[in-house]
Amino acid sequence: MVWLITYNLLNATGAYGVTQSPGQVPSGVKLDRQVVRAKLSGLASSLTIKGTDLALSLVKDPELGLVKADEWLVDCRHGFVIQPENGRARRIPPTGILIESMSGILSLNEHRFREKLVIYPKEVLAAAAQGRNTTQACLVVNHLQVENYLESVVNGEFNSQWAEAAVEAQVIAARTYAVYQMQEMRKNKASLYDVESTQKDQVYLGMDRADFKGSQIVAKTKGIILIDPRSKTPKPIKAFYHAACGGNTILPQEVWGNAFAGFSKKVRCPFCVTAPSYHWEYRLSFNEMEEKLHSALLSDPHLFFYWPKEYTQHFNEWILMSVKTVATAHASDPRVQDFVFEFAHQDHFKRRLMTKMNAYQVRNWLDATKLKSTLFTLSQQGRSVIFEGKGSGHGVGMCQWGAKKMGEKGYSRENILSFYYPGVKTNRIW
Ligand SMILES: [Zn+2]
């Protein structure tokens, strides 16, 4: 940790004393319509970036003080970037630093990424997280060509070795989703990224996940996206997909409360019955459920809006008494629409509080990796509940296991896409 001591002795602002309010950070880097900005997740607070001739510059003014080195260290906790060969340290301004690989490949904590990394200090990350707790200490955004990004996503979200038609359909859906996000997020000029690298958007783990087969399929489908044929200009749909629908897909408005262009019909899917997550069970005691609800509330103050004030103000005083579910109005679709929680006050046991919550939201609070879908039945045993369900994921758009099976049965990528995205057309945009 020699460099830690060295940079403490240096003038913290160094040669790059740029100050700016973190609330108004211009993204600075010129954005190409074929370049996606992927926010990286799960990073440690010290970053080691290696490569050949890595050019470091300020985002706001790339010409100012461009320095090349084969290694950079970033101390996110203190907001410094350090050049280990000479121990020089520079403060990371709110407008960010840009580290660009001349060879096109760099490694970040031993994982390979392509093209550019833009690093913003922790106050900018905190502003971007909008009050949610983050485990990271700075915001790292990988800027790269959409086509290069897809070469990694194909194995983060799917498996390039699966039937080719299915992988092609998946790549087209993933490209469409990315392009949709790029257009949406850039409506806000202050936005710093287009997609998150987690299941929230699309799982992206850098180049380590890319392989030859996946790259071939990305190249074969280059620039093809799904568009809503009713829009005048070719507009990408928000091409949602999920692991396994469990027999029926659903519409976005049933999950998130708002409709999206291109989604007007549900699909009965006979193809995902063999998915490993097709049948599942999850047990939770009332105590565990309360702990999960409390920690969700504590980690994201935005959730307070969903709960009655009496509960959020003193949630430790309320005891969970019963959990019930309300199914969707359609008899053909037994998905759970809402949860109804009943609480009793610890001091006045007769005082009860009933509250209805959107099931998709609750699924995230109770651990969406275990409460795999909203297609379940719930039974109460004493002060525990057992969820028995089918399928995995939100259930909107393409069912990935269904697509895999369709590919194995010889269906084409057009068959797969028009089955899961009825009424939607493909279009090549580059
Ligand atoms: Zn399915």
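Which residues of helix α11 are buried? The views below, taken from a predicted model, start there.

**View 1. The buried side of helix α11 (residues 413-420).** Arg 413, Ile 416, Leu 417 and Tyr 420 are the buried residues of this helix. They lie on the same side of α11, because they cover an arc of only 95° around the axis. An α-helix has 3.6 residues a turn, so residues three or four places apart point the same way. The cover over these buried residues includes two helices, α4 (164-185) and α10 (400-408). Strands β10 (224-227), β18 (398-399) and β19 (425-428) also belong to the cover.

**View 2. Helix α10 packed with helix α11.** The crossing is right-handed. From α10, the contact uses Ala 403, Met 406 and Gly 407. From α11, Asn 415, Ile 416, Phe 419 and Tyr 420 take part. Five of the contact residues are nonpolar, two are polar and none is charged.

**View 3. An open sheet of three strands.** The order is β12-β17-β16, and the pairing is antiparallel. β12 (279-285) and β16 (376-381) stand at the edges. Each has a single partner strand, so one side of each has no neighbour in the sheet. On average, neighbouring strands are turned by 15° against each other, direction ignored.

**View 4. Strand β17 and its surroundings.** Six bridges join β17 (residues 384-390) to β16. In β17, Ser 384 is the bridge partner of Gln 381. Helix α7 (residues 286-299) packs on the sheet and touches β12 and β17. The direction of α7 makes about 90° with that of β12.

How values were computed:
Residues numbered from 1 in each chain as written. Predicted model: local features only at pLDDT ≥ 70, side-chain atom pairs only at ≥ 80, totals over all residues. Buried ≥ 20, exposed ≤ 12 C-beta atoms within 10 Å, placed from the backbone. Helix = DSSP H or I, 4+ residues; strand = E, 2+ residues; numbered from the N terminus. Arc of directions from axis to C-beta. Contact = placed C-beta atoms within 7 Å. Axes fitted to C-alpha atoms, helices over the stretch in contact; angles between N-to-C directions. Left-handed = near helix turned anticlockwise from the far one by under 90°. Nonpolar A, V, L, I, M, F, W, Y, C, P; charged D, E, K, R; others polar. Pairing = 2+ DSSP bridges.
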